[in-house]
Amino acid sequence: MSLTHRLGTSRMLIASVAALAASVAIVAPAAARTESDDPALQRRLDSIVPAGAIGVVAEVRTERGVWRGSSGVAELGTSRKVPMRSRFRAGSVMKTFLATVVLQLVAEDRLRLEDSIEEWLPGVVPGGERISLRQLLAHTSGLFDVVRTFQLPPDPWFADNRWRTWTVDELTRRGLAERPTHAPGSAFAYSNTGYLLISQVIERVTGRSYDIEVKRRILEPLRLRHSELPGTSPWIGRPHMHGYIPVRRDGATRLIDFTVMNPSVFGPPGELISTTKDLNTFYAALLAGRLIPEHLLEEMKTPGVEGETYGLGLRWETNTSCGVPVYGHDGDALAYQTWSFATEDRHRQATVAVTPTADGDVDDAVADFIDQAVCG
């Protein structure tokens, strides 16, 4: 199976809708911009827009230097260019940050990967004595994914609840109320519920909330100045692209601007706001062993169950066109989709952020772009 078919986002928008009315149709892409010339990369980036994107921004790092590009428009109904230093909601890329903090605590002998969730959060998870922290990080716990309890777009539920504040406890209870998908450790099943629990373990171990620990252990040391964990703040700092979700009402579906919303619904596993530059910096530092010891980085790159390509908050793809594996994560925050991957030696990196339409699928086009960045 090719890279094109394997680098899809962990989709929250799991169903596409019919073509939207012409009133929200995307105009021809604004003239794209780059900071260094690479026509092949720019062509690949431009191809993402007709595949189903409103705007796209990317940063590629190679031995030759840094390339930045954008395509599409920053806001529907305008010809405003996508800022190449756009901020965006990075979704589940946040899971790598949380996993890194946990592994730092392992390195400090403050917890163990084989500790059960019952040891740290007694009485919270039914059968928690059989579920290890390793299984939570690797999505092999069997806990039902809280995202699957929501009504996803184009259902109007998200739009109707855009200002609601969700607590971590509330989201956790919602996920745990459903039956597990499998016995702990027996299979892979993506679960945001597991990472809600991970955030609570971080607080129990350190006495500080997960967001403070991520800031003091990762964001500040790496000087990721344009990354933040917004909590309940609805704003994305400028510059940014506008993001949209489809909403069906009275038998008609239209895109609504969902840039400003209460991100607490994403919770600790998905609230990160970042930039292409910051994400490339983070994964370069992680894979270089600057954040966790080498033996724990190897744990991160070990699949939770045989045959999978997901370890401890880190996923990978080995079937690139040039045979060079890439490591990283992808994220879906409804109105924004993100991919950030790097070769093991960090010689080549690519981060792409997209504001999607509702009637396309950009996975293949994004995968082609990343493959061009790695193998071109």
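**Reading loops, cis bonds and a helix contact**

Me: Where in the chain does Pro239 lie?

Reply: Pro239 is in the loop between H9 and E5. Helices (H or I, at least four residues) and strands (E, at least two) are DSSP runs, numbered from the N terminus. The model is predicted, so local features need pLDDT of at least 70 and side-chain atom pairs count only at pLDDT 80 or more, while totals for chains, interfaces and linings use all residues. Residues are numbered from 1 along each chain as its sequence is written, and side-chain values use heavy atoms, without hydrogens and water.

Me: What kind of peptide bond joins Arg238 and Pro239?

Reply: The bond is cis, with omega at about -5°. Another cis bond runs from Pro153 to Pro154, with omega near 15°. Pro154 sits in the loop between helix H5 (133-138) and helix H6 (157-160).

Me: Is Gly237 buried or exposed, or in between?

Reply: Buried means under 20% relative accessible area, exposed over 50%, and partly exposed in between (1.4 Å probe, protein chains only). Gly237 has 22%, so it is partly exposed. Its loop runs between helix H9 (210-219) and strand E5 (244-249). Gly237 and Ile273 are 36 residues apart in sequence, with their C-alpha atoms 9.0 Å apart.

Me: At what angle do the axes of H3 and H10 cross?

Reply: Axes are lines fitted to C-alpha atoms, for helices over the stretch in contact, and angles run from 0 to 180 degrees between N-to-C directions. Helix H3 (residues 94-107) and helix H10 (residues 276-287) cross at roughly 35°, their axes coming within 12 Å. Contact means heavy atoms within 4.5 Å. H3 contributes Thr96, Phe97 and Thr100, and H10 contributes Leu279, Phe282, Tyr283 and Leu286.

Me: How many helices and strands does the chain have, and what share of its residues is buried?

Reply: The chain has 12 helices and 11 strands. Of its 376 residues, 60% are buried. Among contacts between residues at least 6 apart in sequence, 72% link residues at least 24 apart. The C-alpha trace spans about 55 × 55 × 40 Å along its principal axes.
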